[in-house]
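Could you walk me through this structure in my viewer, one selection at a time? I'd like to know what to click on and what I'll find there.

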Amino acid sequence: MTAALMAETGLDEAVLCKLVHRFYSKVRADQMLGPIFATRITDWTPHLERMVAFWSSVALMTGQYHGRPVPAHTPLPIDAAHFDRWLALFRATAEETCTPAGAAHVIERAERIAHSLHIAVVSAQARPDAPPKLF
């Protein structure tokens, strides 16, 4: 399946690594998102490696990522505007970095991920003591 996705989208580990590094460079410089990340991430190397593994798993079905993104995001001071900004930066970076098919592929997944995480964050903010809902 991974080989078929790579052939169909033009994505591979090198492209995803470039995408992740370029994207998070923009995030770190962003006035809205940068401060949120700056207070939580001091060593970017492990975070970027984890994000490359995440996008490899999401985009190419490699199974490299074994984290739990929902609990990592629910305590953050973020709302819909933050997700919109994240998506705008991600879309632009994907279009700069990937083939058109690859950009469409990762953008579609990023939109679904942002939607799910936003629902989980809203749920956690409404009831911090309850498990987040994803529906």
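Here is a tour in a few stops, each starting with something to select.

Before you click anything, keep in mind that this is a predicted model.

**Stop 1: the core**

Select Leu-11, Leu-16, Tyr-24, Trp-55, Trp-86, Phe-90 and Val-106. Within the largest nonpolar core, which has 43 residues, these are the ones that touch the most other members. Now colour the helices: α2, α3, α4 (44–60), α6 (80–97) and α7 (100–126) each give two or more residues to this core. The largest share is that of α4, with 10 residues.

Stay with Leu-16 for a moment and show its surroundings. Leaving aside residues up to four places away in sequence, Leu-16 touches Leu-11, Trp-55, Ser-56, Ala-59, Leu-60 and Val-106.

**Stop 2: the aromatic rings**

Next, show the side chains of Phe-23, Tyr-24, Phe-37, Trp-44, Phe-54, Trp-55, Tyr-65, Trp-86 and Phe-90, which form one aromatic cluster. How many aromatic pairs does a search of the whole structure find? There are 10. Zoom in on Tyr-24 and Phe-37: their ring centres are 5.8 Å apart and their planes meet at 65°, so this pair is edge-to-face. Tyr-24 sits in helix α2 and Phe-37 in helix α3, so the pair ties together parts that are 13 residues apart in sequence. Both partners are buried, Tyr-24 at 5% relative accessibility and Phe-37 at 17%.

Then move to Phe-54 and Trp-55. Here the ring centres are 5.4 Å apart and the planes are at 90°, so this pair is edge-to-face too. Phe-54 is buried at 12% relative accessibility, and Trp-55 is buried at 2%.

**Stop 3: helix α6**

Select α6. Its 18 residues should span 26 Å at 1.5 Å a residue, and the C-alpha atoms at its ends are 25 Å apart, which agrees. Look at the start of the helix: Asp-79 caps the N-terminal end, with a side-chain oxygen 3.0 Å from the backbone nitrogen of Ala-81.

Now highlight the buried residues of α6: His-82, Phe-83, Trp-86, Leu-87, Leu-89, Phe-90, Thr-93, Ala-94 and Thr-97. What covers them? The cover includes α2, α3, α4 and α7.

**Stop 4**

Click on Asp-30, in the loop between α2 (13–29) and α3 (34–38). Is Asp-30 buried or exposed? Asp-30 is buried, with a relative accessible area of 9%. Beyond residues up to four places away in sequence, Asp-30 touches Pro-35, Arg-85 and Leu-89.

From Arg-85, draw a distance to Gly-67. These two are 18 residues apart along the chain, and their C-alpha atoms are separated by 23 Å. Gly-67 lies in the loop between α4 and α5 (69–73) and is partly exposed, at 35% relative accessibility.

**Stop 5**

Select Ser-57, which lies in helix α4. Ser-57 is buried, at 15% relative accessibility. Follow its side chain: it reaches the backbone nitrogen of Tyr-65 at 2.7 Å. With residues up to four places away in sequence left out, Ser-57 touches Thr-62, Gly-63, Gln-64 and Tyr-65.

Met-61 is worth a click as well, in the loop between α4 and α5. Most residues other than glycine have a negative phi. Met-61 has a positive one, near 60°.

**Stop 6: two cysteines**

Finally, select Cys-17 and Cys-98. Which cysteine sulfur is closest to that of Cys-17? The closest is in Cys-98, 12 Å away, which is too far for a bond. Cys-98 is in no disulfide either, and the count of disulfides comes to 0.

Notes: Residues numbered from 1 in each chain as written. Predicted model: local features only at pLDDT ≥ 70, side-chain atom pairs only at ≥ 80, totals over all residues. Heavy atoms only, no water. Helix = DSSP H or I, 4+ residues; strand = E, 2+ residues; numbered from the N terminus. Buried < 20%, exposed > 50% of the residue type's maximum accessible area, 1.4 Å probe, protein only. Contact = heavy atoms within 4.5 Å. Phe/Tyr/Trp six-rings, centres within 6.5 Å; stacked < 30°, edge-to-face > 60°. Core = buried A, V, L, I, M, F, W, Y, C linked by side-chain atoms within 4.5 Å. Expected span 1.5 Å × (residues − 1). Polar contact = N/O pair within 3.5 Å; in protein donor to acceptor, adjacent residues only side chain to side chain. Disulfide = S-S within 2.5 Å.
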